[in-house]
Amino acid sequence: MGGATLALVAAVVGGLVSLVSVWFTQRSARRMRELELAHTERHRQEDREQARRDRLFAERHAGYIRFSAATRAVRDVLAACLHDFRRDGALTEARRADLAERWNAYVVQHAEAHIIVSNEVLEAVGRVNGALRRTYGLVQRLDAGPAGPDVTTEALRRRLDDLWEPLEYLRETMRGDLGLDEPALPAAVTDDSRTSGARAPDA
């Protein structure tokens with residue numbers, strides 16, 4: 001084989017090596033770009049998911065605050081009704097209007113709670129709702145008069161006292177669901193709470 005042929009072969013081989021090297025370089029660069037794009041997209045998805053979780057947490061937190069405030073507002077006006085019954089034997093028109101306003105606000109918050117709360121908190125919501133609904137019903141019967149043997153101010157006082165445990169359980173359960181406290185231990189289940197469930201309050 002002459003020198004010219006060897007030179008030609010060497011040139012061809014060198015050209016092929018160069019082409020292969022360029023191809024591998026381009027392929028490696030393209031792979032790196034794909035990995036970078038995938039990495040960037042993964043981070044974007046993680047950021048979007050974190051933003052979604054943060055938004056849902058904020059909505060749940062705000063909803064818990066609204067529902068807790070509504071339940072305690074109803075409890076306060078029911079307690080005020082007890083004082084009216086003891087003093088006057090009936091509710092004033094102003095008290096009836098206040099009771100109706102607070103109860104209606106509670107009904108709205110109770111409906112919203114069914115959408116945003118966790119299953120564990122929903123069970124606590126049901127206990128509070130059952131206790132408030134029964135107490136509200138007793139106030140309505142006392143105000144309508146004449147009262148029956150089980151429709152007394154003493155019965156209303158007991159109902160009001162019984163509200164504290166489910167309200168405290170609700171507060172602790174909500175805080176536990178938000179990661180602010182350890183989850184609450186279940187409150188004692190009474191015959192009434194077993195049947196109340198999380199049914200909607202009477203408007």
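Is Glu-168 buried or exposed, or does Glu-168 fall in between? Glu-168 counts as partly exposed, because its relative accessibility is 31%; buried means under 20% relative accessible area, exposed over 50%, and partly exposed in between, with a 1.4 Å probe and protein chains only.

Quick housekeeping. This is a predicted model, where local features need pLDDT of at least 70, side-chain atom pairs count only at pLDDT 80 or more, and totals for chains, interfaces and linings use all residues. Residues are numbered from 1 along each chain as its sequence is written, and side-chain values use heavy atoms, leaving out hydrogens and water.

So, who does Glu-168 pair with? Its side chain meets Arg-171 in a salt bridge, 2.9 Å from N to O (that's a side-chain nitrogen of Lys or Arg within 4 Å of a carboxyl oxygen of Asp or Glu). Both sit in helix H4, three residues apart, about one turn. Helices here are DSSP runs of H or I with at least four residues, numbered from the N terminus.

The whole structure has 15 salt bridges. Another one joins Arg-96 and Asp-143, with the closest N and O atoms 2.6 Å apart. Arg-96 is in helix H2 and Asp-143 in helix H3, so this pair ties together parts 47 residues apart in sequence.

Now, inside. The largest nonpolar core has 36 residues, and Leu-170 is among those with the most contacts inside it. A core here is a set of buried Ala, Val, Leu, Ile, Met, Phe, Trp, Tyr and Cys residues joined through side-chain atoms within 4.5 Å. H1, H2, H3 and H4 each supply at least two residues of this core.
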